[in-house]
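This briefing is intended for a reader meeting the structure for the first time. Please keep the sequence and the three-dimensional view at hand while reading.

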Amino acid sequence: MEKVIDKNLPTIGILVFEGVIINEVVAPLDVFSNPNSENKHLFNVITIATENKTYTSAHGLKITPDYVIDNIPNLKVLVVPSSYNPADQTSDKKLVNFIKEQNKTTEYIASHCAGAFLIGETGIADDKKIVTYVTGGAQLKADYPKLKVADDATTLVVIDGKFISSNGSLVSYVASFDLLEKLTSKAHRKFVESSILFDRIKKK
C-alpha cells in the first residue's frame, strides 16, 4: 500500500535500489521527517523505487518502497543515494530517465556519495559544481567531464543552484541539514539537530 501523504505539505522523495547505502536513505528520512517546535510536520518523506518489491541495502537491511516511480506525488526534492556498484544505477535507463524528468519540476536534487555518478549520467548538472565520495572525484571527472568536480579530500558538501551533493554515508546528515535550512530556517535546523542529538556529535 502506498504511504498516505498530506497533500498540503511538500514531499521529499528518496530513491532506493538494490545495494543502496542505507545511511544515505536514513539521513534525509531522519532530518526531514522530524516535526518542528510546535510538533507539526513540515514535509512528507517517501521512498521511491523502479519496482514494487523488497530491496536489500548494502548492509543487509530490507526496504520496501512507499511508491514506484510510475506513480508518485509531486516532489519538491529528489534524493539520489548510492551503492558500492554505481554502474548498476548508471546503466538503469528507467532510473536515469526518471531523474531527468524530475529535474524539470523539483526545486532541489540531492546526491550522496556515488549518487553523483548517476547525476552525471543524466546530464542534468552539466557545468555545475558537484562532489562525490572521498577518492572518487578523479573517476567522476573522467566519466563526466562536463561536471565541475570539487576536491573530495577537502569538500564535504556542495550546493550549486538546485543541486546539492555530499561525500555520502554520515556526511549525508550534514547535507540534509544544509538543505533543511534552505527550505525552512536556521532555527528549525537547530531544533531538529537538537532533537536527534546531532548537535552533540558536532561538539565532539
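The model described here is predicted. Helix H1 covers residues 23-33, and the axes of H1 and helix H6 come within 9 Å. The axes of H6 and H7 come within 8 Å.

**Helix H1 and its surroundings**

- In helix H1, the buried residues are Glu 24, Val 25, Ala 27, Pro 28, Val 31 and Phe 32. Because these buried residues fall within an arc of 165° when seen down the axis of H1, they line one face of the helix.
- Strands E1 (11-15), E2, E6 (77-80) and E7 (108-112) pack against the buried residues of H1, as do helices H6 (171-183) and H7 (186-195).
- The axes of H1 and H6 cross at roughly 30°, and this crossing is right-handed.
- From H1, the residues Asn 23, Glu 24, Val 26, Ala 27, Pro 28, Asp 30, Val 31 and Phe 32 take part in the contact with H6. Their partners in H6 are Ser 172, Tyr 173, Ser 176, Phe 177, Leu 179, Leu 180 and Leu 183.
- Sorted by class, the residues of the contact between H1 and H6 are ten nonpolar, three polar and two charged.

**Helices H6 and H7**

- The axes of H6 and H7 cross at roughly 145°. On the H6 side, the contact is made by Val 174, Phe 177, Asp 178, Leu 180 and Glu 181; on the H7 side, it is made by Lys 186, His 188, Arg 189, Val 192 and Glu 193.
- Five charged residues, four nonpolar residues and one polar residue make up the contact of H6 with H7.
- The buried residues of H7 are His 188, Arg 189, Val 192 and Glu 193. Seen down the axis of H7, they fall within an arc of 140°, so they line one face of the helix.
- Ala 187 and Lys 190 are exposed on the other side of H7.
- The cover over the buried residues of H7 includes H1, H6 and helix H8 (198-202).

**Helix H3**

- Helix H3 spans residues 93-103, and its buried residues are Leu 95, Val 96, Phe 98, Ile 99, Gln 102 and Asn 103. These residues line one face of the helix because, seen down the axis of H3, they fall within an arc of 160°.
- At the start of H3, the backbone nitrogen of Lys 94 has a side-chain oxygen of Asp 92 within 3.2 Å.

- Asn 44 belongs to strand E2 (residues 44-49). Its relative accessibility is 8%, so Asn 44 counts as buried.
- A polar atom of the Asn 44 side chain lies 2.8 Å from the backbone oxygen of Asp 6. Beyond its neighbours within four places in sequence, Asn 44 is in contact with Ile 5, Asp 6, Leu 9, Pro 10, Thr 11 and Ile 12.
- Ala 116 sits in helix H4 (residues 115-122) and is buried, with a relative accessible area of 0%.
- Apart from neighbours within four places in sequence, Ala 116 contacts Ser 111, Ile 130, Val 131, Thr 132, Leu 140 and Leu 147. Gly 137 is 21 residues from Ala 116 along the chain, and the C-alpha atoms of the two are separated by 9.5 Å.
- Ser 165 is part of strand E11 (residues 163-166). With a relative accessible area of 2%, Ser 165 is buried.
- A polar atom in the side chain of Ser 165 lies 2.9 Å from the backbone nitrogen of Val 131. Setting aside neighbours within four places in sequence, the contacts of Ser 165 are Ser 111, Ile 130, Val 131, Leu 156, Val 157 and Val 158.

**Residues with positive phi**

- Most residues other than glycine have a negative phi.
- Asn 39, in the loop between H1 and E2, has a positive phi near 60°. At 60% relative accessibility, Asn 39 counts as exposed.
- Asp 127 lies in the loop between H4 and strand E8 (129-130), and its phi is positive at about 70°. Asp 127 is exposed, with a relative accessible area of 52%.

Note on methods
Residues are numbered from 1 along each chain as its sequence is written. This is a predicted model: local features need pLDDT of at least 70, side-chain atom pairs count only at pLDDT 80 or more; totals for chains, interfaces and linings use all residues. Side-chain values use heavy atoms; hydrogens and water are left out. Helices (H or I, at least four residues) and strands (E, at least two) are DSSP runs, numbered from the N terminus. Buried means under 20% relative accessible area, exposed over 50%, partly exposed in between (1.4 Å probe, protein chains only). A polar contact is a pair of N or O atoms within 3.5 Å; within protein, one must be able to donate a hydrogen and the other to accept it, and residues adjacent in sequence count only if both atoms are side-chain atoms. Contact means heavy atoms within 4.5 Å. The arc is that of the directions from the helix axis to the C-beta atoms. Axes are lines fitted to C-alpha atoms, for helices over the stretch in contact, and angles run from 0 to 180 degrees between N-to-C directions. A crossing is left-handed if the near helix is turned anticlockwise from the far one by less than a right angle, and right-handed if clockwise. Ala, Val, Leu, Ile, Met, Phe, Trp, Tyr, Cys and Pro count as nonpolar, Asp, Glu, Lys and Arg as charged, and the others, Gly among them, as polar.
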